[in-house]
Amino acid sequence: MAQTKAALIYDFDGTLSPGNMQEFGFISAIGKDNDDFWKKNRQLSIDNDASGILCYMYLMIEEAKKNGIKLTKNSFRKFGKDIKFYDGVKDWFKNINNYGKSIGVKIKHYINSSGLKEMIEGSEIAEEFENVYACSFLYDQNGIAYWPAVAVDYTTKTQFLFKINKGIKEISDNKKINEFIPENERPMPFKNMIYFGDGETDIPSMKMIKERGGHSIAVYKPGDKAKKAVAEKLIRENRANFACPANYCSDKSLFKIVKRILDKIKADDDFNRLLKVNKNRITNNKNTNIG
């Protein structure tokens, strides 16, 4: 019997980490404070009617140049080592994987983020992920970042859900992603996905997963009333299934919710297999009788 599979898909900033990843080392390295950097980014976006994601990537390059910082893949990864996480995140993957194993569910973890892939790859949890879909840079002959290679925003995130659904890792793929694959032959059904997000850039993905039979969880910084209100609004608007604090410890509500979702995924999978076996048995008996 085939093993049940589940995909746990996470936004990064505000979901696994309490802040934007640039705030853990990079912004201080260029002599700015967090508010100044993001204020400048917002104004650049407004003045040029431009993507806020592309603007922050541009600002990182320009501010690094002004301060004599070479933005290489290694320097991004060094900044990534400084990223802080919510309580329980570092043990979450082992704990939830063990639970999945105990009920016969193979869990794969993915990042779907507007943050930087290079910084995520330098973080303490980088090895936990099957794949990281996030913003990234192009590099010149000296290994210095000079141009965005990938920019991930609101709706861009949804395309990566289809890549997970079809088992495609390469962001550059524009052929296989559009090929027809019957739903029952896709490696990771949408109904077996759980999406974790905290903000507006996650809304299209959370709603799409929910509407296709999966589950979406809106998380918020513990004790932050404004963030809690945003998460609870997503429940009222039917865009997410659950809202709870971003505490990943095994005795907290988030862990308990995900365990129950995994139980349901496993039960539904077993039930559908039973239906298929029963139907095939009856069909084969009928064909035999006709012969």
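Buried means under 20% relative accessible area, exposed means over 50%, and partly exposed lies in between, with a 1.4 Å probe and protein chains only. The model on screen is predicted, so local features need pLDDT of at least 70 and side-chain atom pairs count only at pLDDT 80 or more, while totals for chains, interfaces and linings use all residues. Residues are numbered from 1 along each chain as its sequence is written, and side-chain values use heavy atoms, with hydrogens and water left out.

Start by selecting Lys-233, which is partly exposed with a relative accessible area of 43%, together with Glu-237, partly exposed at 35%. The two form a salt bridge, their closest N and O atoms being 3.8 Å apart; the term stands for a side-chain nitrogen of Lys or Arg within 4 Å of a carboxyl oxygen of Asp or Glu. The structure holds 19 such salt bridges.

Next select Asp-11 and Lys-157, whose salt bridge has its closest N and O atoms 3.1 Å apart. This pair links distant parts of the chain, 146 residues apart, with Asp-11 in the loop between β1 (4-10) and α1 (26-29) and Lys-157 in helix α7 (residues 156-166). Helices (H or I, at least four residues) and strands (E, at least two) are DSSP runs, numbered from the N terminus. Asp-11 is buried at 4% relative accessible area, and Lys-157 is buried at 0%.

Moving on to Lys-40 and Glu-63, you find a salt bridge of 2.7 Å, N to O. Lys-40 belongs to helix α2 (residues 34-48) and Glu-63 to helix α3 (residues 52-66), 23 residues apart; Lys-40 is partly exposed at 35%, whereas Glu-63 is buried at 3%. Then select Lys-191, Lys-266, Asp-269, Asp-270 and Arg-273, which are linked in a network of salt bridges.

Two strands count as paired if DSSP finds at least two bridges between them. Strand β3 (residues 131-139) pairs with β4 in the antiparallel sense over 4 bridges, and Tyr-139 stands opposite Ala-145 in β4.
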